[in-house]
Amino acid sequence: MGKHLKPYPQEKRGKHLQLSTIDELKDMARQVRRDVIRMLAKSNSGHTGGSLGMADIFTALYFRILQHHPHQFRQGADHDMLFLSNGHIAPVWYSVLARSGYFSLDELNYLREVDSYLQGHPTCESGLPGIHIASGSLGQGLSVAVGAALGLRMEGKKGEVFCLMGDGECQEGQIWEAAMSAAHYQLGNLIGIVDYNNQQIDGEVCDVMDVEPFADKWRAFGWDVLTCDGNDIEHFIDTLEYLRKDKNRTKPVVVLATTVMGKGVPFFEGTMPDKSNWHGKAPSKEDEAKALEILGVTIFGDF
């Protein structure tokens, strides 16, 4: 973050956009993917694969699932809280925050630039709306979410806490210490969502350090476990709405959302023939042009 960057001006908040249909959500997810590709190509730096893979989940969260109001960040008594532990996929988060009205779409032009509010990993020093904590040092986000969930309960607030993590990140011991704490304190207001794509920067999770049997591990630590297709917006929404019907939960819940790294652009998806992936590579201008042609324009328009 720029050394002399001033707090984010409140008058620069964006237009509060609400969506009502599945078709609108799907179109928005496609636009979010366009935003991610354009941001990364412009900055020539950043994380393509996970950002594209999580576009459907972020769209569903901010335009259907979360109880929140973009123009009242930190002010709503019963608003939900969201923490992105795997902060390297910040581009998809920035896109959805801007599209839902937390800040101006114009900010998306300045990803990773000096004195930009949109750093490569989320920061909170500038008070950018939507961001509670700096993140990206993997393994730490769930601990913060546990503290937030405890705090909401102590204050008698009804909001829920969401923590997004990567499956490779769950090789970190701190994740499991936090998971054990959440179960011990019976944090039924805590929902974890894991980007279950079997990919990390050095290759496939199963080869780097296998986390399986993954669901059984979470259950052994006292969590309820749900699974879904994280690239199917309807399936993801149905899964979240199902678990939120239970207003008397005493266990934390984790959703293992199967996704495809790079989803939406075939030549970014999964493991490449040379065993590499698009975890931490930005698209070239040629890649950008091809990807945008595949995705097509949307009713929402580019920033």
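Reply: Happy to; below, you ask about a label and I set the value against its definition.

Reply: This is a predicted model, where local features need pLDDT of at least 70, side-chain atom pairs count only at pLDDT 80 or more, and totals for chains, interfaces and linings use all residues. Residues are numbered from 1 along each chain as its sequence is written, and side-chain values use heavy atoms, with hydrogens and water left out.

Me: How many helices and strands are in the chain?

Reply: The chain has ten helices and seven strands. Helices (H or I, at least four residues) and strands (E, at least two) are DSSP runs, numbered from the N terminus.

Me: What makes the chain as compact as a globular protein of that length?

Reply: Its radius of gyration is 18 Å, close to the 19 Å that the globule rule gives for 303 residues, so the chain is as compact as a globular protein of that length. The radius is taken over C-alpha atoms, and the rule is 2.2 Å times the number of residues to the power 0.38. Along its principal axes, the C-alpha trace spans about 50 × 50 × 40 Å.

Me: How do you know that the length of helix H1 agrees with what it should be?

Reply: The expected span of a helix is 1.5 Å times one less than its number of residues. Helix H1 (residues 22–43) has 22 residues and should span 32 Å; its end C-alpha atoms are 32 Å apart, so the two agree.

Me: What follows H1?

Reply: Asn-44 comes next, with a positive phi near 55°, although Asn-44 is not a glycine. Its place is the loop between H1 and helix H2 (49–53).

Me: Why is Asn-44 called exposed?

Reply: Buried means under 20% relative accessible area, exposed over 50%, and partly exposed in between (1.4 Å probe, protein chains only). Asn-44 has 59% relative accessibility, so it counts as exposed.

Me: And Arg-112: why is it called partly exposed?

Reply: Arg-112 has 31% relative accessibility, so it counts as partly exposed. Arg-112 sits in the loop between H4 and H5, and its phi is near 65°, a positive value in a residue other than glycine.

Me: Which residues does Ser-104 touch, and why is it called buried?

Reply: The relative accessible area of Ser-104 is 19%, so it is buried. Ser-104 is in the loop between helix H4 (90–100) and helix H5 (141–154). Not counting residues up to four places away in sequence, Ser-104 touches Tyr-8, Lys-12, Arg-13, Gly-14 and Ala-98. Contact means heavy atoms within 4.5 Å.

Me: What makes His-279 buried?

Reply: His-279 has 12% relative accessibility, so it counts as buried. You will find His-279 in the loop between strand S7 (253–258) and helix H10 (285–295). Beyond residues up to four places away in sequence, the residues it touches include His-47, His-88 and Met-261.

Me: Why is Val-161 called buried?

Reply: At 0% relative accessibility, Val-161 counts as buried. Val-161 lies in strand S2 (residues 161–166). Setting aside residues up to four places away in sequence, it touches Met-81, Phe-83 and Leu-152, among others.

Me: Is Tyr-196 buried, partly exposed or exposed?

Reply: The relative accessible area of Tyr-196 is 22%, so Tyr-196 is partly exposed. Tyr-196 is in strand S3 (residues 190–196). Leaving aside neighbours within four places in sequence, its contacts include Asp-167, Glu-212 and Phe-214.

Me: What kind of peptide bond runs from Glu-212 to Pro-213?

Reply: That bond is cis, with omega near 0°. Pro-213 belongs to the loop between helix H7 (205–208) and helix H8 (214–220).

Me: What makes helix H3 largely enclosed by the rest of the structure?

Reply: Ten of the eleven residues of helix H3 (residues 55–65) are buried, so H3 is largely enclosed. Among the buried residues are Ala-55, Phe-58, Tyr-62 and Ile-65.

Me: How much of the whole chain is buried?

Reply: Buried residues make up 55% of the 303 residues in the chain.
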